[in-house]
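Visitor: Hi! Could you walk me through this structure?
Guide: Happy to. Let's look at it together.

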Amino acid sequence: MPLYNIRNTELVWRGLTLSGFSDVKVGVSQEGQSNTLVIGIAGENFIHPNNKRVWQISSSFSINSYCYPILEQDNLNNIEDTLIVRDLNIGTSDIYTNCVIMSITSDENSTRKTVTWHAIKRNGR
C-alpha cells in the first residue's frame, strides 16, 4: 500500500482542501486486480480491464479540525464526488472519481477519526 507523507501531499475533496490531519500518512490501496484474463473455449485469451476493482484512500483527522464535521456530514448524506491527491514533491495528481466516504472510525481515546474513501476510477480508468 503506497503511503503519502501529508507534509508533501494535498488532499482536495469536493473542492475543499483538507487540513487538520492527526497522522502524517495518507494510505492508498487497491482492492482487486487491474486486469482480468479471459480465456475462451478454444483456448484463445485476452486481457480485459477489471471493472470490480476499488481504490481505498484513508487518512486520520483531528476531531477539532474545521474539515472533520464536513466529512462526517458527507458520510451521513452519502455524497459521491471527486477526491484529488496531489504530490507536491513531483507535481503529480491522482484524481479519484465516483468517490464516496465509506467509513469513519475512531481510536480508543476519540481524539482522531480515520476517514476511508472508496473510489471506482483513478485518473479516468
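Visitor: Where is I57 placed?
Guide: I57 sits in strand 7; strands (E, at least two residues) and helices (H or I, at least four) are DSSP runs, numbered from the N terminus. This is a predicted model, where local features need pLDDT of at least 70, side-chain atom pairs count only at pLDDT 80 or more, and totals for chains, interfaces and linings use all residues. Residues are numbered from 1 along each chain as its sequence is written, and side-chain values use heavy atoms, leaving out hydrogens and water.

Visitor: Is I57 buried or exposed?
Guide: I57 is buried, with a relative accessible area of 0%. Buried means under 20% relative accessible area, exposed over 50%, partly exposed in between (1.4 Å probe, protein chains only).

Visitor: Which residues is I57 in contact with?
Guide: Leaving aside neighbours within four places in sequence, its contacts (heavy atoms within 4.5 Å) include V26, L83, Y96 and W117.

Visitor: Which residues have the most contacts inside the largest nonpolar core?
Guide: I57 and W117 do, in a core of 20 residues. Such a core is a set of buried Ala, Val, Leu, Ile, Met, Phe, Trp, Tyr and Cys residues joined through side-chain atoms within 4.5 Å. Strands 2, 4, 7, 8, 9 and 10 each supply at least two residues of this core.

Visitor: Switching topic, which residues of helix 1 are buried?
Guide: Y68, L71 and D74 are buried in helix 1, which covers residues 68–76. Seen down the helix axis, the buried residues fall within an arc of 125 degrees, so they line one face of helix 1. That arc uses the directions from the helix axis to the C-beta atoms.

Visitor: And what do they pack against?
Guide: The buried residues of helix 1 pack against strands 2, 7, 9 and 10.
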